[in-house]
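Reader: Could you walk me through how the helices pack and where the open space lies in this model?

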Amino acid sequence: MKVMLTKTAIAVLAGGAMFLGIASAHSESTGNKEADFRIAEMKKLGGNMGAISKVVKGEANYSESLNDNAKEIAEIAANMANLFPEGSGVEASRAKPEIWDAQYTADFQQDIKEIQAASAQLVTAVQSGDVEMIGAALKETGGTCGGCHKQFRKPKE
């Protein structure tokens, strides 16, 4: 009986958390599914960077699970060009219109290549388990994010 009650409680809590997550995601919608997907991917990217950052800062111990974080960063970076389709630069998004301006296309594509290269190095560094190496690779990857944000991302309001 105790086991059944515990499983029931877990199911109720999980269902409630899922519902709240869906409601929260919906309330943050830009009204454009491509922009919403991009924003979700960028939040995932930041969350994975944060998990690795905790190890570099000494706030958490290195674990093999960090490999999953680094791989997800690299996967998002590999798909970065697809996250900015024409028409997804809605007002509610922080993406600047310059992303879709032919004058800036080469700069934007270069920024994407830089995060892809840096994130690949981050995967290698995390696999090594060497916290100093991870820190250097994380700094490089974060720098590519910041470089793109300066030119192509609106500030928070």
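Author: Happy to: α3 and α4 are roughly antiparallel to each other (an angle over 145 degrees). The model is predicted, with local features needing pLDDT of at least 70 and side-chain atom pairs pLDDT 80 or more, while totals for chains, interfaces and linings use all residues. Residues are numbered from 1 along each chain as its sequence is written, and side-chain values use heavy atoms, leaving out hydrogens and water.

Reader: At what angle do the axes of α3 and α4 cross?
Author: Helices here are DSSP runs (H or I, at least four residues), and axes are lines fitted to C-alpha atoms over the stretch in contact, with angles from 0 to 180 degrees between N-to-C directions. The axes of α3 (residues 66-78) and α4 (residues 105-128) come within 9 Å. They cross at roughly 165°.

Reader: Which residues of α4 meet α3?
Author: Contact means heavy atoms within 4.5 Å. From α3, the partners include Leu-66, Ala-70 and Ile-73. In α4 they are Ile-112, Ile-115, Gln-116, Ser-119, Leu-122, Val-123, Val-126 and Gln-127.

Reader: Which element gives the most to the lining of the largest pocket?
Author: The most, 7 residues, come from α2.

Technical notes
Helices (H or I, at least four residues) and strands (E, at least two) are DSSP runs, numbered from the N terminus. Angles under 35 degrees count as roughly parallel, over 145 as roughly antiparallel, 65 to 115 as roughly perpendicular and the rest as oblique.
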